[in-house]
Structure formats: C-alpha cells, structure tokens
Amino acid sequence: MTTSAAPFRLASGDPAPDFSLPDSDGGTTALADLRGRKAVLYFYPEADTPACTQQACDFRDSLASLAGAGYAVVGISPDPARAVVKFADEQRLGFPLLADEGHAVADLYGTWGEKKNYGRTYQGLIRSTFVIDEEGRIALAQYNVRAKGHVAKLRRDLRTAESAMGHH
C-alpha cells in the first residue's frame with residue numbers, strides 16, 4: 001500500500017490563498033473583500049449536519065464578541081450554493097457561508113484530504129479554522145478541529161495571541 005505524502009498545510013505568516021465563491025447572501029465573497037480587517041475563515045464538511053450546525057451556531061452566538069474584537073467570520077463548505085443559502089437562513093447565522101463546490105478553495109488551504117471514519121478511509125473536508133490578518137496573511141492555522149467547544153477555544157487562543165502582540 002502506498003501512503004501519500006503528508007497533506008499540504010498553511011502556517012502563520014503564509015499569504016492566505018485567494019478565493020472568490022458564491023455566498024449565502026446570493027452574491028460572492030472574495031478574500032479581497034476582507035482586506036483591512038481580521039477574519040476567521042472556517043471550513044466545515046457539510047451544511048445542516050449536527051456537528052456543523054453546532055459549530056455554526058457557536059460562531060453565531062460569539063459573533064458580537066468576535067466583531068467587537070475586529071473579526072469578520074466566514075464559513076466555507078463543499079456544499080452547493082443553494083445548501084449554504086438554506087443553512088445560513090434557517091440558523092439565522094448573520095455571517096456569510098461560502099459554497100466551495102468542487103473543493104478548489106479547500107485544496108488551496110490544505111483542508112481537503114484523507115479522512116478516516118468507522119474504519120473507512122476516504123477523501124473529504126478536514127474541519128479547520130484560519131485567522132487571517134488585515135494584510136491577508138495567515139495569523140493562525142488550526143487543522144482537524146473538533147466542532148464541539150471549538151469556538152470557545154478559538155476565542156481563548158485569539159485573546160492569548162492578542163495579548164502576546166501587545167494589543168488590548
């Protein structure tokens with residue numbers, strides 16, 4: 001059996017790969033639209049599944065405090081556009097979800113790859129979160145995150161990073 005090379009990973013300081021995708025508001029959202037502010041870009045496997053719904057609602061419930069700290073939130077999944085529109089609407093998320101059908105953007109961020117589930121190995125989306133700074137660089141890259149408790153942990157990580165950089 002051949003094992004593939006370790007999946008490509010982004011790290012702090014890397015330029016965030018460019019994207020422009022259909023969004024849940026019926027328009028498109030591009031990396032360029034986020035320039036000049038900090039952003040939390042999170043990749044999730046599938047709209048309307050229990051774990052992804054919990055994660056999206058955690059982001060929704062933390063939106064005010066993240067926005068207060070200067071962060072925009074954007075979710076990306078390999079779902080078709082109509083699925084992200086429906087999901088964002090049903091959950092009243094208040095932040096855009098992007099449809100990366102064909103997972104081209106997931107590939108650029110290293111979030112599409114081998115997954116194991118109940119003994120099966122398959123290609124799929126690896127739940128991951130990136131913090132992008134005002135200049136469009138990766139400030140934080142977290143791969144294989146858990147849906148449950150992720151947003152609370154991310155907020156702690158962001159506070160730690162902010163205080164380390166001397167921002168208050």
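**Close-up 1. What lines the largest cavity in this predicted model?** Leu31, Leu34, Arg35, Arg37, Ala39, Ile132, Asp133 and Gly136 sit around it. Sorted by class, that lining comes out as 4 nonpolar, 1 polar and 3 charged residues. The space inside has a volume of about 40 Å³. Searching the whole structure turns up 1 cavity of 30 Å³ or more.

**Close-up 2. The second largest pocket holds about 230 Å³ of space.** Its lining includes Pro45, Tyr122, Asn144 and Val145, along with Lys115, Lys116 and Asn117. Two elements, β6 (112-117) and β7 (120-125), each give two or more residues to this lining. Which one gives the most? That's β6, with 4 residues. By class, you'll find 5 nonpolar, 2 polar and 4 charged residues around the pocket.

**Close-up 3. Helix α5 covers residues 150-164.** From the first C-alpha to the last, its 15 residues reach 21 Å, close to the 21 Å expected at 1.5 Å a residue. Now for the side chains: His150, Val151, Leu154, Leu158 and Glu162 are buried. Look down the axis of α5 and these buried residues fall within an arc of 105 degrees, so they line one face of the helix. Here's a handy rule: an α-helix has 3.6 residues a turn, so residues three or four places apart point the same way.

How values were computed. Residues are numbered from 1 along each chain as its sequence is written. This is a predicted model: local features need pLDDT of at least 70, side-chain atom pairs count only at pLDDT 80 or more; totals for chains, interfaces and linings use all residues. Side-chain values use heavy atoms; hydrogens and water are left out. The expected span of a helix is 1.5 Å times one less than its number of residues. Buried means under 20% relative accessible area, exposed over 50%, partly exposed in between (1.4 Å probe, protein chains only). The arc is that of the directions from the helix axis to the C-beta atoms. On a 1 Å grid over the protein atoms alone, a cavity is a set of points where a 1.4 Å probe fits but cannot get out, and a pocket is an open set with protein on both sides within 12 Å along at least five of seven lines; lining residues have an atom within 4 Å of a point. Grid points are joined across faces, edges and corners, and a volume is the space filled by probe spheres set on the points. Ala, Val, Leu, Ile, Met, Phe, Trp, Tyr, Cys and Pro count as nonpolar, Asp, Glu, Lys and Arg as charged, and the others, Gly among them, as polar.
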